Amino acid sequence: KGDYMTGQELKEALLSERIVTFEGRLYKVSALIYRKGKSGKIVLTAELRDLKADSVCIVNPQKIQEAE
């Protein structure tokens, strides 16, 4: 696809348990985390659950894509 997901699309993927990709691997979005950054702006990060390794990682959501 080539397009990265928006915050709203990530929320929808979280609620519907749709599979997403990050750096070529398959994940499910397990949480969306909003933090106040150093500049005072809200920063979004995503917690992804790896479907094969039974682990999670916290990533920059700007690199998450919807799985084909």
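Modeller: Rings of Phe, Tyr and Trp, the last by its six-membered ring, pair if their centres lie within 6.5 Å, and planes over 60 degrees apart count as edge-to-face. Please keep in mind that this is a predicted model.

Biologist: How many aromatic pairs does the structure hold, and what is the geometry of the rings of Phe 22 and Tyr 27?

Modeller: The structure holds 1 aromatic pair. The ring centres of Phe 22 and Tyr 27 are 6.4 Å apart, and because their planes meet at 70°, the arrangement is edge-to-face.

Biologist: Is Tyr 27 buried or exposed?

Modeller: A residue counts as buried under 20% relative accessible area. Tyr 27 has a relative accessibility of 7%, so Tyr 27 is buried.

Biologist: What is the relative accessible area of Ile 64, and how far is its C-alpha atom from that of Leu 48?

Modeller: Ile 64, found in strand S5 (residues 64–66), touches residues including Met 5, Leu 10, Phe 22 and Leu 48, leaving aside those up to four places away in sequence. Ile 64 is buried, with a relative accessible area of 0%. Although Ile 64 and Leu 48 are 16 residues apart along the chain, their C-alpha atoms are separated by 9.6 Å.

Methods: Residues are numbered from 1 along each chain as its sequence is written. This is a predicted model: local features need pLDDT of at least 70, side-chain atom pairs count only at pLDDT 80 or more; totals for chains, interfaces and linings use all residues. Side-chain values use heavy atoms; hydrogens and water are left out. Rings of Phe, Tyr and Trp (its six-membered ring) pair if their centres lie within 6.5 Å; planes under 30 degrees apart count as stacked, over 60 as edge-to-face and the rest as tilted. Buried means under 20% relative accessible area, exposed over 50%, partly exposed in between (1.4 Å probe, protein chains only). Helices (H or I, at least four residues) and strands (E, at least two) are DSSP runs, numbered from the N terminus. Contact means heavy atoms within 4.5 Å.
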